[in-house]
Amino acid sequence: MPLAPLYRRAPAAALAVIALAIPAVRPAGASEIDTAVAARYPGILQLFANGEHDRALTALSGLETEIATGKSESQVEKLWKAKLHVLRDLIDDPEVLVPAIQLHHDAFVAYRGEGLVQLARHSRTMTAELVEVYASRVDTKPAKALAARVLSSLAGYQQEDGSIGSAADLFARALDLDPLCGAALLGQASLYEKLGEYPKALPLLEKLLANEPKNLEARLRLAKNLERTGEPVRAFTLLHDIQKATPDSKDATANAWVTLAYEEQARMLADEGSTKPAIETLRRGLERFPSSTEMLILEGYLMERAGDSRGGQALANRAAQAARSTVEKNAPRLLYNRWPVDDLTAARQQLRDSSNTRLKRMLAALQGETAITTVGGNP
């Protein structure tokens, strides 16, 4: 299944032009949506600028739910244009857009969690369009890097929801903006991997590791995909290198990648008939991770296959005991098989941090451009 570019740049580019060209004075005969947004959206932005994140989200949800309920998709599309009209008055300082991006990103997450598909789609589109306007207006490497991370965050949620085409397009656009965006490189590579398009994953992972050589997940995924594409020697070497890493004992995710490196190397050895070296590899791994049920089971299996049924049974008993005494919510293989999250978590934190440093600028822009008498519209 090819990942055709479904995320088109034309609408975003057109939006950037619209955002700059919308007249500051609204025409006579404005729609009910225009009127409602003009009256209430500035107050929502002020709540957010004052640091009242939850109240701002509640007020935004109230406004958007009221407008969207029972309305056609074309009517809901007018909502983002009306909000852009408000933002048009504020972006003499384009950095003001960053808190607005954060607000609509978080609204998307909230709507998604509540199963409000239409509003989630609206907020995702609004966030992506504002990102494009911001990247276009500021046009610096840091701005494009931040924009890429926001798009990667949206793509990550799309991955989780099974919208693979949309996720791939968002990751691709993120890499247009910042070719070294780690979240996008890992996310796009994992998409190709899950689709069985292993050769396409390789250059993305190679680029990521060239920029982030200590990224254990990227190194593990590269090893797996190299093995699948006929480069077992490089894969074996990468797995051995991962085993040398010594993450903090509290970093469960990083330790999961090291655990899997022992398992995968042992499996490769076993597959080529080198049972004794495979068992030795697992024993080294179990010295570090004695409660790893998967390594215990694999070593027990290999010992039985080698004719040591008593030793294999002893390991099976250890595995059963380990399984009873620990709850592996984040078992290594489970972590590997789900969509990457660590880089996306970092990207989302960067957006929050960047937004927080610009709240005063948004507040100043609001106070300078509009007089707000009722904060949030509906108290």
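Q: Which residues is Glu 95 in contact with, leaving aside its neighbours within four places in sequence?
A: Glu 95 is in contact with Tyr 134, Val 138, Arg 358 and Arg 361, where contact means heavy atoms within 4.5 Å. This is a predicted model, in which local features need pLDDT of at least 70, side-chain atom pairs count only at pLDDT 80 or more, and totals for chains, interfaces and linings use all residues. Residues are numbered from 1 along each chain as its sequence is written, and side-chain values use heavy atoms, with hydrogens and water left out.

Q: Why is Glu 95 called buried?
A: Buried means under 20% relative accessible area, with a 1.4 Å probe and protein chains only. Glu 95 has 13% relative accessibility and therefore counts as buried. Glu 95 lies in the loop between helix H4 (73-88) and helix H5 (97-114); helices are DSSP runs (H or I) of at least four residues, numbered from the N terminus.

Q: How far apart are Glu 95 and Tyr 134 in sequence and in space?
A: They are separated by 39 residues in sequence and by 7.4 Å from C-alpha to C-alpha.

Q: Why are H6 and H7 called roughly antiparallel?
A: Helix H6 (residues 117-138) and helix H7 (residues 141-160) pack at about 165 degrees. Angles run from 0 to 180 degrees between N-to-C directions, and those over 145 count as roughly antiparallel. H6 and H7 are therefore roughly antiparallel to each other.

How values were computed:
Helix = DSSP H or I, 4+ residues; strand = E, 2+ residues; numbered from the N terminus. Parallel < 35°, antiparallel > 145°, perpendicular 65-115°, else oblique. Buried < 20%, exposed > 50% of the residue type's maximum accessible area, 1.4 Å probe, protein only.
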